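Subject: Structure handover

Hello,

Here is the structure you will be taking over. My notes on it follow below.

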Amino acid sequence: MTPAQFEKEIEPRWQKLERLMNDVEKNKPQADAVELPATFRQVCHDLSVAQHRMSPHRTVQKLNDMAIRGFRLLERRTAGGFESFLNMMLVTFPQLVRQEWRLFWWCSAIFYVPLTVFILITPHYPEWSMALLGPDGMADAERMYGHGSNLIAERRGKFDSDFGMFCFYIWNNVSIDFKIFAGGLAGGVGALFALLFNGIYMGALAGYIRYAGDPESLLLWVSGHSALELTGMIIAGIAGFRLGLSVLKPGRMLRRDALVIAGRRALPLIIGAAVMTTLAAVIEGFWSPHQFTPLIKYTFGIVQFLLVAAFFMFAGRSRHAA
């Protein structure tokens, strides 16, 4: 094949790549904009062939300029930034949670089964929860959620303001998620223990309040943020177990390589979990302290659960997002 024939053969790809890049640079991508990466790779291959065949300098330079331009455009579009973060949260994050559905239900069972058991048995066997909470834990529970107590005044007195509560909750909630995630490095044992402990302790606390306090005050406080906070905790467990499984079952890869790959997969999960618990802290700090009617607070909480469920069932399912 002569240089002229080669140039004539690949010219349609040049023109297509140039048109696609022009559209993207003008922020007016057409329906075929998704073909940009594949067309870019084809032109890069053409450049390699042209260099190997020692094609005329004009042809090689043209291909080289287009390859550089395409690389910069794709690198800019795939690099960090708000657009990339938004795509990760709205597309990649829910997709990964759906893909890890087995771990989702496994982590949910580890957390919710002991929580439910302790809530149900404490009125009949209160000594179990009392032993877990200890004298200080029981005193705190009765002071905040006992009959006649003023939870909102107690919280504001402790943190001085709603913003102070928000700062405490964001630190507390996100730190729990990262502890669960980091616990996965020990073959998943740390994540298992953290989820199990939180389920048992929260169940003991809620059960004791049901036995000796005012359970409605607890429900009114947690109803608004539980969907985000608890689901975020479960997803942190998924990320931790993903790390743990890579250590226990690396397959044919070295454990180091398997851990790196699992870490890349787990990163959007733990970031998404942190964002969810941050939003929960916003609600807990600025919504929960306000004395709305029980109907408003319960309705808000139910809507939260429905929105979280809908997000993970449907977000990121469009053909374009996939």
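H10 passes H13 in a left-handed crossing. A crossing is left-handed if the near helix is turned anticlockwise from the far one by less than a right angle, and right-handed if clockwise. The helices are H10 (residues 215–222) and H13 (residues 294–314). Their axes come within 8 Å and cross at roughly 50°. That makes H10 oblique to H13. From H10, the contact uses Glu 216, Leu 219 and Leu 220. From H13, it uses Pro 294, Lys 297 and Tyr 298. These residues divide into 4 nonpolar, no polar and 2 charged.

Before you read on, please note that this is a predicted model: local features need pLDDT of at least 70, side-chain atom pairs count only at pLDDT 80 or more, and totals for chains, interfaces and linings use all residues. Residues are numbered from 1 along each chain as its sequence is written, and side-chain values use heavy atoms, with hydrogens and water left out.

Now the terms.
- Helices (H or I, at least four residues) and strands (E, at least two) are DSSP runs, numbered from the N terminus.
- Axes are lines fitted to C-alpha atoms, for helices over the stretch in contact, and angles run from 0 to 180 degrees between N-to-C directions.
- Angles under 35 degrees count as roughly parallel, over 145 as roughly antiparallel, 65 to 115 as roughly perpendicular and the rest as oblique.
- Contact means heavy atoms within 4.5 Å.
- Ala, Val, Leu, Ile, Met, Phe, Trp, Tyr, Cys and Pro count as nonpolar; Asp, Glu, Lys and Arg count as charged; the others, Gly among them, count as polar.

H4 and H13 pack at an angle of about 85°, with their axes 7 Å apart. The two are therefore roughly perpendicular to each other. H4 brings Met 89, Leu 90, Phe 93, Pro 94, Val 97 and Arg 98 to the contact. H13 brings Phe 311, Phe 312, Met 313 and Phe 314. By class, that is 9 nonpolar, no polar and 1 charged residues.

The axes of H9 and H11 come within 9 Å and cross at roughly 160°. That makes H9 roughly antiparallel to H11. On the H9 side, the contact is made by Ala 191, Leu 192, Leu 195, Asn 198 and Met 202. On the H11 side are Leu 230, Met 233, Ile 234, Gly 237, Gly 240 and Phe 241. This contact has 8 nonpolar, 3 polar and no charged residues.

On to the cores. A nonpolar core is a set of buried Ala, Val, Leu, Ile, Met, Phe, Trp, Tyr and Cys residues joined through side-chain atoms within 4.5 Å. The largest has 39 residues. Those with the most contacts inside it are Phe 93, Ile 180, Leu 195, Ile 235 and Leu 269. Elements giving two or more residues to this core include H4 (82–99), H8 (162–183), H9 (189–212), H11 (226–248) and H12 (255–286). H11 supplies the largest share, 11 residues. Leu 269 touches Phe 93, Leu 96, Val 97, Ile 235, Ile 238 and Ala 239, not counting residues up to four places away in sequence. Another core lies apart, with 19 residues, among them Val 24, Leu 36, Phe 40 and Ala 67.

Finally, some single residues. Buried means under 20% relative accessible area, exposed over 50%, partly exposed in between (1.4 Å probe, protein chains only). The contacts listed here leave aside neighbours within four places in sequence.
- Ser 55 lies in the loop between H2 (36–52) and H3 (57–78). At 12% relative accessibility, Ser 55 counts as buried. Ser 55 is in contact with Phe 6, Ala 50 and Val 60.
- Thr 59 is found in H3. At 2%, Thr 59 counts as buried. Its contacts are Glu 7 and Trp 14.
- Val 247 sits in H11. At 23%, Val 247 counts as partly exposed. Its contacts are Leu 185, Arg 255 and Leu 259.
- Leu 295 lies in H13 and counts as exposed at 66%. Leu 295 and Leu 220 are 75 residues apart in sequence and 9.5 Å apart in space, C-alpha to C-alpha.
- Arg 264 lies in H12 and counts as exposed at 63%. Arg 264 and Leu 295 are 31 residues apart in sequence and 43 Å apart in space, C-alpha to C-alpha.

Best wishes
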